[in-house]
Structures are given as C-alpha cells and as structure tokens.
Amino acid sequence: MKRLLNSGFIAMLAVMLLLAGCSGGAKTNTPAGDSSTPPSSSSGSETTPPAAAGGTLNISLYLYPTKLDPKYSVSIAEKNLYQSLYDKLLDIDKDGNLIPMLAEKWEISDDKKTYTFHLRKGVKFHDGTDFNADAVKFNFDRYMEDDSAQKNALKSVDTVTVVDPYTVKVQLKQPFAPFLSLMIEKAGMMVSPAAVKKYGADFNNHPVGTGPFMFKEAVAGSSVTLEKNPNYWQAGLPKMDQVVFKTIQDTNVAFVNLKSGDVDITDKFPYKEIDSVKNDPKVTLINEPSLAFEAIYLNTAKPPFNDKALRQAVDLLIDRDAIVKVALNGAGVPGHSPFAPNVFAHGDSDIAAKPDLAKAKQLLNGKTYTFTLKVGTLPSDQQTGQMIQTMLKPAGIDVKLEKVEVAALDEQTKSKNFDAVLAYWSGRQDPDQSIYDWLYSTGTMNYSGYSNPEVDKLLDEARAETDNAKRKATYDQVMAIVQQDVPNVYLYHVNNTIGVSKAVQGFTYIPDGMIRTANISK
C-alpha cells in the first residue's frame, strides 16, 4: 500500500491544500489565474520529444457515452469524451490547481456571493459562432432549467448578468464555497447557443462546443469519432487529426487491444495486470490516487437495512485492507468516508475500525439476516462482493450476490430497487460534491433513503462556509453521526488506472482522472 503513496501524490496533496486555501480564504477580488496561463491540456506536459502531428488517437472507454449533451448527463460515461468536445470556464492542472480556460480570470466579492468572470476573446464554437458573455448566460440559464441534470448543481445561482461582451456576473443566493469547482464540471461546459436553437432536442446528435475536437459521427453502443478543430483557440493544438472513442467493457479485452496497438489509451486497466506491465516495452500504466470512493449503499427504507444494528455490524465486519490488496491489487487505499486523501476534508473520519466479529455478534444479538448485494460486471466488483460475502458469514449474515450489467445497475440504484448495492463515485475537487446529495434528506443521489435533520443542518453550514478549516471541522461532525447511522458502508478510494501506449506523447495525468487529448500526439 505504501508504495502507492508516491511523491506525486504527496505533491498533489500539498497543492490541494493550497487550492483549499484559495477557494476558501479569498477576501475580495481574487484573481485566480493569469490570463497567460495555458489550460491543463497544454500545461505540465511530460518532457517528450516532439512527434509528428496528425493521425488518429484511439481511446477505449469502459462505458458508451450516450449523452453527448452535458445538460442531460448524469454519469461518468461521457466525461472523458467531453474533455475533447467542450471547453469549460475553468479547468484544473496536473497539480489540482484551478486554472483559466474560457474564463481568463475571475473575481469574488467580499460577501462571497458575486462571481465575475472575464472571458477569453477570439474563441469560436465549432459552428463558427462567437463565444462570448451572451453564450455563457445562455448556458447557465439552460443548465438551470427544470429538465437539466445540472440544475441541482446550480441551485445556489440567483441571477446571471451580461456586463459587457466578455464579462459575466453570477449572483448567488448565499455564499456557496463549491461554486468555482463546479465550473470545471459539466455545469461549466459551454455549448453553442446557435446549435441548440438549430437542433433543439436533437442537439445530442449534433453536439457543438469550443473544444479541440469536433463531433463527426457516432455508432450507437460502439464508438464516437471526433475530428480536429482547425480553428482551436490554442495555437498549435490539437495535434491529432481525429480521436475515436471505442467502447470496450471487458477490461482484459481493452488491455489486449492496448498491447496490440489497436487502441492507444484505456480508461480502465485490469488490476491483475498491474505487475505485468512494469517493464513492458509497449505500455505504461498511470496508477495515481483519485478523488473517488467506493461504497455499499444500504436501503434504509426497508428490511433488513431499516435495522441500524445490522448496518453497524456490516460496517464492522469488513476488512478493507484485504479488499484493496486482493480485489484492487493494491491500486487504492482503504476508506471509511467519501473524502479521498487528496480532498481537504479527509482526516480521521476516513479510518475504519479493525474488523471485530465479537462486537458485530453483540450488535446482532443472535439474529441472522439474509440480503442481496448487487454488484457490477467489473472483475474487481465481483471479487469485492465475494470477499464481503465471506467476511459477513461468520456473524450469521447470508449475502446473496447478484451481478447486474452497468446500465441496469444504475437504473436499479436510482429507483432504489436493492437491499444493498456496490457503487462508485468518481469524486470531485470540493468535498460538498461527494457528500451533500448522498446524505442530505432530499439529496438527488440519496439512494439509501437516509434522513437526519442534524446532518442536513451541518451539510448546509459546510457549503455556506468559505473557511476550509471550519468546513473540515463541520464535515468531521457530519461523519461522526453518519458512521453511527451507517446509511452507506464506505470501503476504499480506488486509484485512477489508465493504460497508455508508449507511442503516445504529451499525455498529462490530471487528478480528476479524465483524459485530455489536445496536447497528445503519437
């Protein structure tokens, strides 16, 4: 495990602390970036010799990106592709710092309720229309519509005002510390207003952004092809002629394709192959800490998990170290909270007690239980389920495993059609975005049906506070309550494992685990 806590991680942790200070401690008019600073796609590049421009970059994705319009995207399936198709107001660099993208700089008012964005000039959407303040307002207004999947993320926004052609002012209803971090996510992605008006509901089949690559074609369930944006605002980028995203759900098959050269990058890597590629002449493994958490959501609204004693017992019986060692082949760290080590709210709340069979039996008081645990199709999911099955059995808890295809598992989780489900969240820069909607009584991802007024109150306080030290203290209080109520059993923080061909040059790992393609060549 310790071998994973490498120097890169330590450096990232340090910078995340700086980021925490930046987002939380601003007093007035805080310029968060230099207009001359390039965005992540061109920053921090590895020192590689120049490669010939052109050609096709093939990327395998575990999930097919069905939603090419970020307004309606609710899963991670599309996020990798979005990095090539859409630019955002802000981005993050390889160290996790917020950096300018379509917004060159920004200011925050003294009362933390007004954000003023100064936009980059000379940027055009793929359809030739101008990117400007009107486009930003259009996107904010669109993302805040009732049918938008991003509506909840922007519910703190009161008004958006065009100050001049390249300045936009966003007025919040109250201070909302995670706001800037949302601008590197789907809610900060800019789509062409002209294309939306032209195609209406069919925009999903005609997506238009300002990104380094433009939509060319999609083969449903199989692939999406993007071609070079010849008018991209970053000089000399992108370097490839086109990018093809191929859906390959079997990570072993993706690995074989990576080895053969049929794909250049894979977004998932088979954990059992981690050791085999250490000296591989063709493949490099990116194995870096993520912002993610893996947890078991327990349906607290019905038996058997309406019994808190059972939830506590399950939490107490799981050996997280063993799961990380066996199921992940060491590619992660054990966890007991939604806060990964590189999030400022991380701390003692993430340390789980050692498995204690005697205490678990005491909690169960001689009762026996049976429940079904639904797991996905990844080998690590199934192995994790099997290990949990074995760990709970000595306490008289019979776990039946049900393997469910990813899309169906997603739907069943949203409809709360489960006793328990093994679930993954990719995580976000701000802790609010990995806890609020899961544990708030009316949260959009509160699949466990959890409700605790004190937790609601504390979560509201944490997102309104701009001092990160105070926010962490509040999150510590939240977790103290949650770890007694146990609506979710947090298991571990899995690493981002990305397979990259050694023919690829210019790949830069970004802490959100997404693949930026503008600077890549081969």
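Let's start with K259, which is partly exposed, with a relative accessible area of 32%. Keep in mind that everything I show today comes from a predicted model. What does K259 form a salt bridge with? The partner is D280, and the closest N and O atoms are 2.3 Å apart. K259 sits in helix α6, residues 251-260, while D280 belongs to the loop between β11 (265-266) and β12 (283-288), so this pair ties together parts that are 21 residues apart in sequence. D280 itself is buried, with a relative accessible area of 6%.

How many salt bridges does a search of the whole structure find? The count is 26.

Let me show you another one. R428 forms a salt bridge with E185, and here the closest N and O atoms are 3.2 Å apart. R428 is in the loop between β17 (420-425) and α12 (436-439), and E185 is in the loop between α4 (179-182) and α5 (193-199), so the pair ties together parts that are 243 residues apart in sequence. Are these two buried or exposed? R428 is buried at a relative accessible area of 9%, and E185 counts as buried too, at 8%.

Next come D315 and R320, whose side chains meet in a salt bridge of 2.7 Å, N to O. D315 is buried, with a relative accessible area of 12%, and R320 counts as buried at 4%. There is also a network of salt bridges, which links K88, D91, D512 and R516.

Now for some helices. Find helix α7, residues 308-317, and helix α9, residues 357-364: they pack at an angle of about 170 degrees, with their axes 9 Å apart. That makes α7 roughly antiparallel to α9, because an angle over 145 degrees counts that way. Which residues make the contact? From α7 we have A309, L310, Q312, A313, L316 and L317, and from α9 we have L357, K359, A360, L363 and L364. Sorted by type, the residues of this contact are 9 nonpolar, 1 polar and 1 charged.

Please turn to helix α11, residues 406-414. Its buried residues are V406, L409, Q412 and T413. Looking down the axis of α11, you would see these buried residues fall within an arc of 125 degrees, so they line one face of the helix. What do the buried residues of α11 pack against? They pack against β13 (293-298), β15 (369-375) and β17.

Last topic: the backbone. As a rule, most residues other than glycine have a negative phi, and most peptide bonds are trans. Here are some exceptions. A cis peptide bond joins L237 and P238, with omega about 0 degrees, and P238 is in the loop between β9 (223-228) and β10 (242-247). The peptide bond from P303 to P304 is cis as well, with omega near 0 degrees; look for P304 in the loop between β13 and α7.

As for phi, N329 is not a glycine, yet its phi is positive, about 50 degrees. You'll find N329 in the loop between α8 (320-326) and β14 (332-334). N365 also has a positive phi, about 55 degrees, without being a glycine. N365 lies in the loop between α9 and β15, and at 64% relative accessibility it counts as exposed.

Key:
Residues numbered from 1 in each chain as written. Predicted model: local features only at pLDDT ≥ 70, side-chain atom pairs only at ≥ 80, totals over all residues. Heavy atoms only, no water. Axes fitted to C-alpha atoms, helices over the stretch in contact; angles between N-to-C directions. Helix = DSSP H or I, 4+ residues; strand = E, 2+ residues; numbered from the N terminus. Parallel < 35°, antiparallel > 145°, perpendicular 65-115°, else oblique. Contact = heavy atoms within 4.5 Å. Nonpolar A, V, L, I, M, F, W, Y, C, P; charged D, E, K, R; others polar. Salt bridge = Lys/Arg side-chain N within 4 Å of Asp/Glu carboxyl O. Buried < 20%, exposed > 50% of the residue type's maximum accessible area, 1.4 Å probe, protein only. Arc of directions from axis to C-beta.
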